[in-house]
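Visitor: I should like a close look at a single part of this model. Please take me through it in one connected account.

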Amino acid sequence: MWGKLAASFKRWKGIHACKDYIASYQDLHYRYGLQTAVNIAFWWNTPVDRRARQELELSLILKWRSPFNKENWERWGQPFG
């Protein structure tokens, strides 16, 4: 479990396309005088089982329909791509 947790921290410190998407999103909102609220969170009590964790992640991605997740690109198009 801790190895996966450490890997997720490493992944966010490195190059990640989502960081560029968020920066572009905020820049466009700033240009047009619109407010933004972009947040990230880690849930420490996620299921230990990998499959259960992936199912939970997918259900949340589909619930919130963020354009930053590739699962929703068919609906929104790829942001800033």
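Is Arg 65 buried, partly exposed or exposed, and what is its relative accessibility?

Guide: The model is a predicted one. In it, Arg 65 has a relative accessibility of 39%. Because buried means under 20% and exposed means over 50%, Arg 65 counts as partly exposed. Arg 65 belongs to the loop that runs between α3 (50-64) and α4 (73-76). Its backbone deserves attention: Arg 65 is not a glycine, yet its phi is positive, at about 50°. Most residues other than glycine have a negative phi.

A positive phi also occurs just after α2, where Gly 33 takes a value of about 70°. Helix α2 itself comprises residues 17-31. Its 15 residues, at 1.5 Å a residue, should span 21 Å, and this agrees with the end C-alpha atoms, which are 21 Å apart. The buried residues of α2 are Cys 18, Tyr 21, Ile 22 and His 29. They cover an arc of only 95° around the axis, and therefore lie on the same side of α2. On the face turned away from this buried side, α2 carries the exposed residues Asp 20, Tyr 30 and Arg 31.

Leaving aside residues up to four places away in sequence, His 29 touches Leu 34, Gln 35 and Thr 36.

Note on methods
Residues are numbered from 1 along each chain as its sequence is written. This is a predicted model: local features need pLDDT of at least 70, side-chain atom pairs count only at pLDDT 80 or more; totals for chains, interfaces and linings use all residues. Side-chain values use heavy atoms; hydrogens and water are left out. Helices (H or I, at least four residues) and strands (E, at least two) are DSSP runs, numbered from the N terminus. Contact means heavy atoms within 4.5 Å. Buried means under 20% relative accessible area, exposed over 50%, partly exposed in between (1.4 Å probe, protein chains only). The expected span of a helix is 1.5 Å times one less than its number of residues. The arc is that of the directions from the helix axis to the C-beta atoms.
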